[in-house]
Structure formats: structure tokens, C-alpha cells
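Hello,

Please read them with the model open.

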Amino acid sequence: MDLGTRDVKPRLAPEHEWESPMFDLAQQQFLRAAQIMDLDENIRDRLLYPQRSLMVSFPCRRDEYSQVETVFGYRVQHILTMGPTKGGIRYHEDVDLGEVAALAMWMTWKCALMHLPYGGAKGGVRINPNELSRPELQRLTRRFTMEIVGMIGPDKDIPAPDMGTNAQVMAWIMDTYSQQVGYPVPEVVTGKPIVLGGAVGREEATGRGLIYLVEEAAKHQKLDPADATAVVQGFGNVGRNAAIYLAELGTRIIGVSDASTGIYNPHGINLSNAIKYVEQNGVLKGFNGGEEITNEELLLLKCDILAPCALQNQITEQNAEHINCKILAEGANGPTTLEADEILTKRGVFLLPDILGNAGGVTVSYFEWVQNTQEFAWTLDETNARLREMLVSAFNRTLMRSERNDVNMRMAALIEGIGRVAEAKLLRGIFP
Ligand code: NAD
């Protein structure tokens, strides 16, 4: 179906204020879904921009005492209708307001699609965390937490890890927030270390969830994962775990990559050797378990399952014609452009879109928050069983919507999520 919405421009804010390729992608996806749904114009305009955006600049003292850097940070809450807002904090040198706003919008649709009681949020700090020492990272995290402290809280907005942040960073945020209020508040963040109230299974939940969904997609495509090959881009939290759980299904992992290089081995990459190598050397470059290739070449490898688990804007008009997989399982947020989507759909690639594919992370984050507020911890088996049940149910809702509306899985997932938020907005009405 050709909806020709590429030219629909946001009408409400001066364009330059929100100029960003990633926010443009999030808005255009939303507008296309809104058009298919025939969404009320007033509600459409309310959902097109975040409700709250905070941009801060603050000093970060380096270990060399006289050196002080000004750093930029962001926290964006897209929709406050559904409950507290929820979303990760990203540390990356390219982060800007548009990127964080796009990620916050996707979080809204993701939480709604998964039936979680949250609106979407996201945060970011524009630095390269790999260039900071541990004390520098801690000082930066604590100061950034103070800059956004009025915006976050267990009933307001609950951060979690994203690219460049991890359980240790969450521990520092939790500690800083708790120091401010005067008592421990573990439920202010999720993705914490277990000893501080983190949920068992949270760290690997995004990768594990993606593979639960790949199992469903494979059934639908009549593909046996034990006979399949896979390529995974990104070897961080999401990519590494996705590769591990795929390998557990018997899938042959023929390509992996990180920011430093890609590795190709048609006979299958020995994952535990690759993981050990990265633990010792920090990056995949130099790993001798396969042939070195570029990330661009990696994406074009012939395989059954391609899982982009690194960063946005990887599958575009330029390479979509040459992508050679049956299932595209998106672990990363925003890896595929709208133009590429159309090409892939025409070519019959089955899509597990990001807001469904990587929803395992926020789902187990929700479990963590629930366990913290009830002060009662679940077992790993309980966590994984509930995760699978919720993801399979969201997969089935999305698949049914895709068949009913004759749209691809991305549009179907968006329609499911947007529909729920629109209904809630109508029911709450307008204040005053
Ligand atoms: P991470 O920081 O743990 O790992 C990122 C990986 O991507 C690293 O291996 C890095 O080397 C690689 N990478 C960076 N730039 C690259 C490039 N140009 N080419 C190839 N590889 C590159 O981050 P993560 O938590 O695994 O997040 C990855 C993606 O998954 C992001 O889009 C994030 O928003 C999304 N995501 C993460 C979670 C989570 O729970 N961590 C949840 C939902 C979505």
C-alpha cells in the first residue's frame, strides 16, 4: 500500500528545533501509521512531539584536576498519559536532542504494544564513555543524575541502561537519587546490579527476548533454527546475548561485529572464544576465529536471520536491495529506514521490528520495578517464563494486525501501540 506520507511535515514546532534524521524517522513512521489508522488529527498532533524535554550542560572534572569539560545531557518524556515514563540512558558521542526524542517516542509505542503501564522516555549524555576513567564516569553520572533529579523518580520516570551504560552506572544513579531523598530507592532505576535489587535475567533480557521472538518468526516462516544461519551486528549487551541464545537453538552464527570490525566464518564462529577475546582486548579486532570484514559487508552476508543489534540507520535505501536474509530481527533501535522497510517488505523479508524485537529489555525492567515495589524477588525461571509469555502474546497481536490491515510487521506493531495510547488519551480527556 503506497501512502506517500514522506512529505507530511511536522506542523507544530519550528522545524529546526527538532531537526534530526532519527527524530524524522520516528515521526514519519508514526505519521504513516496514523494515516492507516485514520487517527484523529488532534490526538495525532499531541503524540507527534514529546511532552517534556530537558537539555542540560554541566561540568565534568577529569582526573587531571585542572581539566574541566562542559558536557551536554538530555532527558525526554514523550507521553505522561499511561503511567510513569520509562526509558534508558545512552552515553554516546553523537547523542543529541532529536535522537533522544526519537528513542523516547519508540519507548511509548513499545510499552503500549507490550501492555506495560508506562509512557516512553529516554536520556542521553554526549560523551564517549570509553574515553573516561572509572572515577570520571562515576563523577559524570552523579552530576548528570543531579541535573535531571527533579524529573526522575519511581512514580515519575524510571531510567535503565542503554548503549554505553550498564548496571554499574545504574547503581551510581540509584545511590545519587537515594542520597538526595535520604533513604534507599532501588526502584528509581532498573537494570541495577542484583545485590542492589536488580532482577535476575534483566541483563540478558533484551537479547534473550529477541531470540524468543525469532523462534516465533521461524515457526511462521517454517524455518528450523537448528538448520539456520545467522549474522549479528553489535557485540555489546544485546548482540552478544542474542548470539548466545541463537547458538543455543543450534543456529550457526556465521558473522558477528562491533564498532572495530566484522568477523565472518561460514563454518560458524566459536562464540565463547570471541567473548573471551573481547573481554581481554575490549574489541573484536584481531580475533582470529574468522575472516575480518567491514560492517557494511557483514550486513550483506547471505543468512537466514540477520540481527542488527548495534545502532540506528544501518539498513537504508542504499543496501536494502542487497540484504540477503529471511528474518530481520531488530535488536537495535531504529536500524532500518522507512525506504528500506518498503524494499524489504516487497522482497518478502519477515520483519521483527525494533519496538517488538528489543521489548524484552523493558519488559524485564518492568518486572524489576514490580519486584522492587513489592520487595519480593522472582526466580530466573519465573522471569523467563513470564517474559516469553508476554512477548509471544505481543508477537501474535502484531501478526494478526499485520494480516488484518495488510501492512508489514513494523506498521502493525506501531498501530497496536499507538491505538492503545490514543484510547487512553481519549478516556483521560483534556485538563482543564
Ligand atoms: P552496548 O553499548 O552494550 O553495545 C553496543 C555494541 O554496538 C558494541 O559492541 C559496539 O562496539 C557496537 N557498535 C557501536 N557502533 C558500531 C558501528 N558503527 N558498527 C557496528 N557496531 C557498532 O549497547 P546495547 O545495550 O547492546 O545496545 C545496542 C542497541 O540495542 C541500541 O540501539 C540500544 O538502544 C538497543 N537496546 C538496548 C537495550 C538494552 O537492554 N541494553 C534494550 C532495548 C534496546
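**Ligand site**

In the side chain of Asp162, an N or O atom lies 2.8 Å from an oxygen atom of the ligand. Such a polar contact is a pair of N or O atoms within 3.5 Å. This is a predicted model, in which local features need pLDDT of at least 70 and side-chain atom pairs count only at pLDDT 80 or more, while totals for chains, interfaces and linings use all residues. Residues are numbered from 1 along each chain as its sequence is written, and side-chain values use heavy atoms, with hydrogens and water left out.

For Arg202, the distance from a side-chain N or O atom to a ligand oxygen is 3.3 Å. A nitrogen atom of the ligand is 3.5 Å from an N or O atom in the side chain of Asn295. On its own the ligand has 830 Å² of accessible area (Shrake-Rupley method, 1.4 Å probe), and the protein covers 82% of that 830 Å².

Around the ligand are 22 residues (a heavy atom within 4 Å); Arg90, Asp162, Thr206, Val238 and Asn333 come nearest. Domain 1 (3–184) and domain 2 (205–357) both contribute to this shell, so the ligand lies between them. The domain bounds come from an automatic or database assignment.

**Second largest pocket**

The lining of the second largest pocket has 14 residues, with Arg46, Lys425, Gly429, Ile430 and Phe431 nearest its centre. Helix H2 (41–47) and helix H14 (409–428) each give two or more residues to that lining. Helices are DSSP runs (H or I, at least four residues), numbered from the N terminus. A pocket is an open set of points on a 1 Å grid over the protein atoms alone, where a 1.4 Å probe fits, with protein on both sides within 12 Å along at least five of seven lines; lining residues have an atom within 4 Å of a point.

Regards

Notes:
A polar contact is a pair of N or O atoms within 3.5 Å; within protein, one must be able to donate a hydrogen and the other to accept it, and residues adjacent in sequence count only if both atoms are side-chain atoms.
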